[in-house]
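Have a look at the sequence and the model first, then read on.

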Amino acid sequence: TNIILLGPPGAGKGTQAKRLVDERAMVQLSTGDMLREAKTSGTEMGKRVSAIMDRGELVTDEIVIGLIEEKIGQGAGGGFIFDGFPRTLKQADALGDLLAKTGQKLDAVIEMQVDDAALVARITGRFTCGNCGAVYHDVTKPPAVAETCDACGSHDLRRRADDNEDALKTRLMEYYKKTSPLIGYYYAKGQLSSVDGLAEMDAVAAAVSKVLDKA
Ligand code: AP5
Ligand code: ZN
């Protein structure tokens, strides 16, 4: 099953994607993670996108479409979770073409609905494990032992450079201008399901699972 998790910054896309990887052996394709990796490893592309990402703007369609093209070639056993991609109509069209070209299809698009006020609290409280990528929150998901990753024991817990109120405002604006039209795009294709992203993580996971079981 190939799905898209669609929603504004902080909606919980990464959190739910990681659960699906664990529970259903799906493969998470997060363009945000791929770009951050390029940034930390200091590749040419990483250097080019670094300041754009820190400001909270979208990087060019060409770059992210190229990243996805590299990954979806031979498909994935449990299916792909597209997390943070597509984010523009051009990217959505490109994904459709890439899947068709490789004999695959999109089974569902899950829109995670949250309100803007909740996003600020989520983003400013977030930190992640630099070693395994596990996602935490100061209030809603602190690790069991302070400063220690529950999943892998690492003490390398980090906050993202774009998780501040200024960059978040830009990220939200980018979302409403360029990404939210995808809701109508996939609705018209009959592929859209919406879940309440404000519910507790387990409840969101249950709602996502329900969509997947029907897809
Ligand atoms: P990206 O990495 O995709 O960031 P984003 O879309 O802003 O999404 P986030 O990772 O911030 O949020 P999330 O929905 O995954 O939330 P999470 O699960 O962590 O993109 C970053 C940048 O890269 C972009 O700005 C752009 O520059 C570039 N980029 C990436 N893809 C691109 C593309 N396709 N085109 C162009 N540019 C691109 O949850 C957030 C917090 O809330 C966590 O602390 C979590 O613990 C907590 N939480 C989650 N669920 C719940 C819940 N149900 N209840 C309470 N707390 C919860
Ligand atoms: Zn870890």
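## The annotated binding site

UniProt's unreviewed entry puts the feature "binding site" at Thr-31, Arg-36, Glu-57, Leu-58, Val-59, Gly-84, Phe-85, Pro-86, Arg-87, Gln-91, Arg-160 and Arg-171. Such annotations may be inferred rather than shown by experiment; feature names are shortened and positions follow the numbering used here. These residues span 141 residues in sequence and their farthest two C-alpha atoms are 24.4 Å apart, so they do not all gather at one spot.

This is a predicted model: local features need pLDDT of at least 70, side-chain atom pairs count only at pLDDT 80 or more, and totals for chains, interfaces and linings use all residues. Residues are numbered from 1 along each chain as its sequence is written, while chains are lettered from A and ligands numbered from 1 in the order in which they are written.

## Two of those residues

Glu-57 sits in the loop between helix 3 and helix 4 (61-72); helices here are DSSP runs of H or I, at least four residues, numbered from the N terminus. Glu-57 is partly exposed, with 16 other C-beta atoms within 10 Å (20 or more means buried, 12 or fewer exposed, in between partly exposed, with C-beta atoms placed from the backbone). Beyond residues up to four places away in sequence, Glu-57 touches Ile-52, Thr-170 and Glu-174 (contact means C-beta atoms, placed from the backbone, within 7 Å).

Gln-91, in helix 5 (residues 89-101), is buried, with 22 other C-beta atoms within 10 Å. Setting aside neighbours within four places in sequence, Gln-91 contacts Asp-61, Val-64, Ile-65, Phe-85 and Pro-86.

Conventions: Helices (H or I, at least four residues) and strands (E, at least two) are DSSP runs, numbered from the N terminus. Two residues are in contact if their C-beta atoms, placed from the backbone, lie within 7 Å.
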